[in-house]
Amino acid sequence: MCYIVNGQIRYSIPEEMKKGSLIGNVAQDLGLDLTRLRSGRARIVTGESVQYTELNTDKGILVVNERIDREQLCGDVTPCSFSFEMILENPMELHHITIEVLDVNDHPPVFKKTDVSLEILESANSGARFMLANAEDPDVGVNGLQNYILTSHDNFVLKQHVNPDGSKYIEMVLKKSLDREEQPRLSLQLIAVDGGTPPRSGTVNIDITVLDANDNAPVFNQSVYRATVMENAPKGTKIVNVNATDADSGPYGYITYSLANLKSNLADLLSIDSTSGLLSVSGAIDFEKDKKYELRIEAKDQGGLTDSSKVIIDVIDANDNAPVINVMSFTSPVSEDSAPGTTIGIINVKDIDSGDNGQVSCIVDRNSPFKIKSNLRNYYTLVTDSALDRETVSDYNITVVATDSGSPPLSSHITFQLKVSDVNDNAPVFKQLFYNEFINENNAPGVSVLTVRANDLDDNQNARVSYILEDSSINGSPISGYVSINTQSGVIHAVRSFDYEQIKQLSFVVKAQDGGSPPLCNNVTINILIQDQNDNAPQVLYPVQSGSSLVAEMVPRSADMGYLVTKVVAVDVDSGQNAWLSYKLQKATDRALFEVGLQNGEIRTIRQVTDKDVVKQRLTVIVEDNGQPSRSATVNVNVAVADGFPEVLSEFIDFTHEKEYNDNITFYLVLALAVVSFLFIMCLVLIISVKIYRWRQARLYQASLPVIPYYPPRYSDTLGSGTLPHVYNYDVCRTTDSRQSDCKFGRIGSQNILIMDPSFTGTMQRIQSEKSILDEPDSPLEVSQRRSLKYKQ
């Protein structure tokens, strides 16, 4: 930042101007553009409690803001002026402006007393002088007190004198001796006139009493006394002791001292002992108000004769004023990425003391990343000294201390509350490097699995973290089909129910992204481990259960104890203890004959098979897993205790199958009824359509044509009905027993397997009867029956 002082201007205005009166065009006089005044935030800095002027930045003019009283502002000091600075920023400019206040004749001369009494000896010689009270006129220059006029009298004449400081005092000189017996009392008028237009005046009446003779007046031993007094000296402090002598004796030689023509501003500050002539302090001495006092002391005897002497008092400055700090500019908040040397504030420091007492230095706390620089007189700049980090310190209390060079030194301080604004310089950070979470399979869709959290040290929008699933796939499906995440809270939900048997683990990546510009992000890996539940019952692989046929295991009657009949094989797709299977025999035709291995499912005999054991043996085996709660499956095992197939066949023909009812039989019945109804309606529509078509054809062709029937090949074989286009021959083998059919069975492995159908016996009987017909001679009727039988077969 550059600081430029372009110059200074001075205006002269009369006092008592109305508020808003024009003082001068600052922009024109300084050569500034109105746009510069507005962009630079031009303003006036006075440092005083009363601001007499105001800057109109829109017009660039300086106007009166408060009533200006020259007498109140400067007293009798002339010329009277006050100064202030106009500050512009970006870049900074400082312009010194001085306003001189011109006096107007707004005060008449005023005497302190309206009547003055004098006692004069009749023996007073011609040329005797008598001090008269001066009039006071606050105005200065031409408007101030200019002349005194004494009403004409034969005995007195008026003489005026001028002090070195320009003030006037008057003496009345006896021109002709008085005669008390002829005129004991005299009355005169003293008129004070100023030089204004029109002139103003003040009057005092002088009453003179003629006394008896006193021919010697008091005489001071010095015409001028010089002394010094310390500022803020306590009351009663001795300043100087004046002395006058009178050659007369008796009452005419007794002298009294008094302060003559004392100005109003000194009346309360100084006092004199009327007997001893000791001048002392009686009020508060302030160097900043008056640096020097001049006054006259009068010595008077009892005969009315007087003499006067001047006293000059110099005031010595004391360090009684601390520096005053004014804030010109302050910027808060400041960005944390501000470079070192960034200007934060501008202050103005003044000390109205003089000399070393008015020399000021400024410091800032050394532990803070700030420093203060001085570029102009009494102006200081507060700048950053190092980089700022809001995440470390978000706000500062900066204390600037201004100290003068007095003894002892006085200081003052001001504290700035600076906030550091955030920039997006921190990415979100997860609490863990990765997350492992367990969830039971068969969970409800939408259930909350876990919550991830990422912290961002930034503030406000820069710290608002959003959670996003990174694109990935599991088994060819996008991860969004398995889980979802709440972008605000980070809660991960299961989109669907998981099946441990299909998928055992989900691994995906969650990205945490803040709301900064540009945004910063961080990733974390999530592992969801699916835990198995006992949701699958055991499945029996062997023996296979069929509803249309029976499977029987053959056990020879010669089997010993421990003979392996068969083995029940089952699996459970669950894992762990949910897949540990145990086998138990639930029901059996003869429990004393068979047992089932608890772990391996092997069915063995527990004793020797005898001839008394029934052929048909039915075992019910239950298979249970080890889950909580456990699930189970049952399997029926048919065992035939026999040495040959014919015996087994005869026993199992009458075996009654248990009907297996389908829980959904109602659904299938309704479906079948709907299909049949639909086909029926379609047939009706088709028949009606054909009828209509034939009727329209008959109408179009009225001629009767002979119809020659056409028979397809082999029509006679099919007898005009049925669905088989050809004749099929069936070979049937009959057993030695005319009531039963004989079937060939093959042995598979080491086990004997018998497959039987309950309807097989009836079919064999029909085949035998029809076979006898086929074996008869070929008569026509027999041929027809044979053809019908072949068709049925």
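User: Is Glu 100 buried or exposed?
Analyst: This is a predicted model, and in it Glu 100 counts as buried because its relative accessibility is 16%, which is under the 20% cut-off.

User: And which residue does Glu 100 form a salt bridge with?
Analyst: Glu 100 forms a salt bridge with Arg 10, and the closest N and O atoms of the two are 3.7 Å apart. Arg 10 belongs to strand β1 (residues 3-14) and Glu 100 to strand β7 (residues 92-102), so the pair ties together parts that are 90 residues apart in sequence. Arg 10, at 47% relative accessibility, counts as partly exposed.

User: Which residue does Glu 93 meet in a salt bridge?
Analyst: The side chain of Glu 93 meets that of Arg 36 in a salt bridge, at 3.4 Å from N to O. This pair links distant parts of the chain, with Glu 93 in strand β7 and Arg 36 in helix α2 (residues 34-39), 57 residues apart. Glu 93 and Arg 36 are buried.

User: What about Asp 103, where is it and what does it pair with?
Analyst: Asp 103 and Arg 70 meet through their side chains in a salt bridge of 3.1 Å, N to O. Asp 103 sits in the loop between β7 and β8 (110-111), whereas Arg 70 is in helix α3 (residues 70-74), so that distant parts of the chain, 33 residues apart, are linked by the pair. Both of these residues, Asp 103 and Arg 70, are buried. There is also a network in which salt bridges that share partners join Glu 16, Arg 67 and Asp 69.

User: How many salt bridges does the count come to?
Analyst: The count comes to 16 salt bridges.

User: Now a loop residue: why does Asp 574 have no salt bridge?
Analyst: Asp 574 is found in the loop between β48 (569-571) and β49 (582-588).

User: Switching to the surface, which residues make the nonpolar patch of about 720 Å²?
Analyst: That nonpolar surface patch is made by Phe 667, Tyr 668, Leu 671, Val 675, Phe 678, Leu 679 and Met 682. Val 675 lies in helix α5 (residues 665-700), and with a relative accessibility of 41% it counts as partly exposed.

User: Last topic, the open sheet: what is the order of its 4 strands?
Analyst: The order is β27-β33-β32-β29, and the pairing is mixed. The edge strands, each pairing on one side only, are β27 (334-335) and β29 (360-364).

User: How do the neighbours run, parallel or antiparallel?
Analyst: β27 and strand β33 (residues 411-421) run parallel and are joined by 2 bridges, with Val 420 in β33 as the bridge partner of Val 334. β32 and β33 run antiparallel and are joined by 9 bridges, and here Asn 397 has Gln 417 in β33 as its bridge partner. A hairpin through 6 residues joins β32 to β33. Finally, β29 pairs with strand β32 (residues 395-404) in the antiparallel sense over 5 bridges, where Cys 362 stands opposite Ala 402 in β32.

Key: Residues numbered from 1 in each chain as written. Predicted model: local features only at pLDDT ≥ 70, side-chain atom pairs only at ≥ 80, totals over all residues. Heavy atoms only, no water. Salt bridge = Lys/Arg side-chain N within 4 Å of Asp/Glu carboxyl O. Buried < 20%, exposed > 50% of the residue type's maximum accessible area, 1.4 Å probe, protein only. Patch = residues over 30% accessible without salt bridge, like charges linked within 9 Å, V, L, I, M, F, W, Y side chains within 5 Å. Areas by Shrake-Rupley, 256 points an atom, 1.4 Å probe, with all protein chains shown as cover. Pairing = 2+ DSSP bridges.
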